[in-house]
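Please consider the structure shown below. The paragraphs that follow lead through it step by step.

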Amino acid sequence: SETIKNNRVISEKQYQIKNNIRDVQMEIENIKKDIVDAGFIIESMDNAVKEHQVIYKRIKAEKFTTPKFDKKSLVCPTCGRPFDEKEATESRVKFEEKVTADKKLFEEDKAERLAGIVKQGKTYSAGRDKAKADKKAYEDNMKDAEKRLRAQKKELGLLPEQSPVVMEDAV
């Protein structure tokens, strides 16, 4: 009968909407988890960036310590006789050359470590920025899902009640 058909249509529509509501509610729960996860990533990456900034400043502040010329190097290590002027000059030149080479190695090493810290810092910063963008997208998706949930609930509320079935309708 017509009443049974109408009730069946209403029942099927209710079932479909209730399934949609459950799906959207599950989607919202998943989005909430994604937002929390993105927040953890942002915090973790932010901490890593700050740690790298501290390390960068520490390395940047390192200074090469120029050793003092040891006057003992102006005497023959074997017999203890003082070097003549030429030998003393050669000893000073060798010392200065070594200091210059050591300082160059120190500066190269320092520059390499700074470059590595900057590269890692940029990687963490990019990861943080991506997580922030992801979180914003999740929040936008959440608003959309909540809007769809309200619309589904409203639609469910607007469905007509099922008509009571009278025995003569069932025949």
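In this predicted model, the largest nonpolar core consists of 10 residues: I17, I21, V24, I28, I31, I35, M142, A145, L149 and L159. Two elements, α1 (2-61) and α2 (85-158), each give two or more residues to this core. The largest share, six residues, is that of α1. As a general background, nonpolar side chains tend to be buried together in soluble globular proteins.

The axes of α1 and α2 come within 7 Å and cross at roughly 160°. Angles over 145 degrees count as roughly antiparallel, and α1 and α2 are therefore roughly antiparallel to each other. The crossing in which α1 passes α2 is left-handed.

A further topic is the aromatic residues, of which the structure holds two pairs. Such a pair is described by the distance of the ring centres and the angle of the planes. F64 and F106 form a tilted pair, with 5.7 Å centre to centre and 55° between the planes. Because F64 lies in the loop between α1 and α2 whereas F106 belongs to helix α2, this pair ties together parts that are 42 residues apart in sequence. F106 has a relative accessible area of 19% and is buried, since the cut-off for that class is under 20%.

The other pair, F69 with F95, is edge-to-face, at 5.1 Å centre to centre and 75° between the planes. F69 is placed in the loop between α1 and α2 and F95 in helix α2, so the pair ties together parts that are 26 residues apart in sequence. F69 is partly exposed, with a relative accessible area of 23%, and F95 likewise counts as partly exposed, at 24% relative accessibility.

Helix α2 also includes T100. Is T100 buried or exposed? With a relative accessible area of 54%, T100 is exposed, because the cut-off for exposed residues is over 50%. Along the chain, T100 and R113 are 13 residues apart, and their C-alpha atoms are separated by 20 Å.

Notes. Residues are numbered from 1 along each chain as its sequence is written. This is a predicted model: local features need pLDDT of at least 70, side-chain atom pairs count only at pLDDT 80 or more; totals for chains, interfaces and linings use all residues. Side-chain values use heavy atoms; hydrogens and water are left out. A nonpolar core is a set of buried Ala, Val, Leu, Ile, Met, Phe, Trp, Tyr and Cys residues joined through side-chain atoms within 4.5 Å. Buried means under 20% relative accessible area, exposed over 50%, partly exposed in between (1.4 Å probe, protein chains only). Helices (H or I, at least four residues) and strands (E, at least two) are DSSP runs, numbered from the N terminus. Rings of Phe, Tyr and Trp (its six-membered ring) pair if their centres lie within 6.5 Å; planes under 30 degrees apart count as stacked, over 60 as edge-to-face and the rest as tilted. Axes are lines fitted to C-alpha atoms, for helices over the stretch in contact, and angles run from 0 to 180 degrees between N-to-C directions. Angles under 35 degrees count as roughly parallel, over 145 as roughly antiparallel, 65 to 115 as roughly perpendicular and the rest as oblique. A crossing is left-handed if the near helix is turned anticlockwise from the far one by less than a right angle, and right-handed if clockwise.
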